[in-house]
Amino acid sequence: MKKKEIFFGILAALFLAVMLSPFASPWPDGLEKVAEDKGFLEKGEGEPLLISPVPDYVWPKLENEKVATAVAGAAGTLITFGGGIALAALIKRRG
Amino acid sequence: MHIPDGFLTASTWVPAWVLSAGGIGYCLRKTGEILRDRMIPLMGVMAAFIFAAQMLNFPVVGGTSGHLLGGVLAAVLLGPYAGALVITVVLIVQCFVFQDGGVTALGANVFNMAIVGAMGGYFLYGFLRRGIKGTAGLIVGAGVAAWASVVVASIVCAVELALSGTSPIRIALPAMAGIHALIGIGEAIITCLVVSFVAKVRPDLIYKIAE
């Protein structure tokens, strides 16, 4: 992929994660709704087993929830980009 | 469809970890054999794009939303093995950074979405593409496989819930399959749109299926 195309791909992903994600539907997803309806949702609401830095895609200590979601989205997009590339590069080196 | 900790018992999530670790190990090996240079940045871009797209919940019906899974999308562009790895990267980041999906449940989530969703979905896609020639085969194959991947992944999830005693199969399966049959339509539409776009601007980025 040319640099321009990679850049465009990241930009498209960032647009989704930063500009659109704060406006995503707040309704529970399929599994969560089934859990609610069928009465087992509280099984998943115990103490988390590990401390995550950005729980539930809300960047901590930011007043505005939409901004907090956008920042979380940007961070996650860049982290997964890095993760994907790093994994592929590692496979290439060892493969 | 990210299962949180607490929904599954150890008798289910431990074997799920074992199965998905084995599956991902296999994917790592196969990807090592076939990795092309152009796949390296593409794996990064796909991981980023699928992560971002998974944040975009769309309303489906009656207070329920859906979001892209992206398994078939990743596999159409990168093949079943690298595609599954990309989904796994997304799931790992979601689990550890954003607490989306449990840690004990990560094995099951990887199994459902990367192994069943991406790898399994790819094989249906390949089967359809071999049957329908040309771009029509590409789009129809991707769309049908995308829809099916979501439904089948949700059924496997229902089985895991049943095995854990969290919800009996006669309740969990129709509930999960039913709502994901609708969510799958969104998956199919998004997958077809992105695949069509790539087919038009960079057809060489589409992973070559075995003839």
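A residue counts as buried if 20 or more other C-beta atoms lie within 10 Å of its own, the C-beta atoms being placed from the backbone. By that criterion, 31% of the 95 residues of chain A are buried. For chain B, the corresponding figure is 63% of 211 residues. The structure described here is a predicted model.

## The two chains

Chain A contains 3 helices and 0 strands, arranged along the sequence in the pattern α-α-α. The radius of gyration of chain A is 17 Å, well over the 12 Å that the globule rule gives for 95 residues, so chain A is more spread out than a compact globule.

Chain B has 6 helices and 2 strands. Along the sequence they follow the pattern α-α-β-β-α-α-α-α. With a radius of gyration of 16 Å, close to the 17 Å that the globule rule gives for 211 residues, chain B is as compact as a globular protein of that length.

| Chain | Box filled by the C-alpha atoms |
|---|---|
| Chain A | roughly 50 × 35 × 25 Å |
| Chain B | roughly 45 × 35 × 30 Å |

The contacts within each chain can also be described by sequence separation. In chain A, 47% of the contacts with a separation of 6 or more are between residues 24 or more positions apart. In chain B, 74% of the contacts between residues at least 6 apart in sequence join residues at least 24 apart.

## The contact between the chains

Chain B contributes 59 residues to the contact between the chains, and chain A contributes 51 residues. On the side of chain B that touches chain A, at least two residues each come from helix H1 (10-34), helix H2 (39-54), strand S1 (58-61), strand S2 (64-66), helix H3 (71-98), helix H5 (134-163) and helix H6 (169-201) of chain B. H2(B) gives the most to this side, with 14 residues. By class, the side of chain B that touches chain A consists of 39 nonpolar, 17 polar and 3 charged residues.

## Helix packing in chain B

H2(B) also packs against H3(B), at an angle of about 60° and with the axes 9 Å apart. The contact of H2(B) with H3(B) divides into 17 nonpolar residues, 1 polar residue and no charged residues.

A second pairing involves H1(B) and helix H4 (residues 106-131) of chain B, whose axes come within 7 Å and cross at roughly 45°. That angle makes H1(B) oblique to H4(B). The crossing of H1(B) and H4(B) is left-handed. On the H1(B) side, the contact is made by B:Trp13, B:Ala16, B:Trp17, B:Leu19, B:Ser20, B:Gly23 and B:Ile24, and on the H4(B) side by B:Gly107, B:Ala108, B:Val110, B:Phe111 and B:Ile115. By class, the contact of H1(B) with H4(B) has 9 nonpolar, 3 polar and no charged residues.

## Individual residues of chain A

A:Phe15 lies in helix H1 (residues 3-20) of chain A. This residue has 14 other C-beta atoms within 10 Å and is therefore partly exposed. A:Phe15 is 53 residues from A:Ala68 in sequence, and the two are 15 Å apart in space, C-alpha to C-alpha.

For A:Asp56, phi is near 60°, a positive value in a residue other than glycine. A:Asp56 has 11 other C-beta atoms within 10 Å, so it is exposed. For A:Lys61, phi is near 65°, again a positive value in a residue other than glycine. A:Lys61 is likewise exposed, with 6 other C-beta atoms within 10 Å.

Terms used
Residues numbered from 1 in each chain as written. Chains lettered and ligands numbered in written order. Predicted model: local features only at pLDDT ≥ 70, side-chain atom pairs only at ≥ 80, totals over all residues. Contact = placed C-beta atoms within 7 Å. Helix = DSSP H or I, 4+ residues; strand = E, 2+ residues; numbered from the N terminus. Nonpolar A, V, L, I, M, F, W, Y, C, P; charged D, E, K, R; others polar. Axes fitted to C-alpha atoms, helices over the stretch in contact; angles between N-to-C directions. Rg over C-alpha atoms; globule rule 2.2 N^0.38 Å. Buried ≥ 20, exposed ≤ 12 C-beta atoms within 10 Å, placed from the backbone. Parallel < 35°, antiparallel > 145°, perpendicular 65-115°, else oblique. Left-handed = near helix turned anticlockwise from the far one by under 90°.
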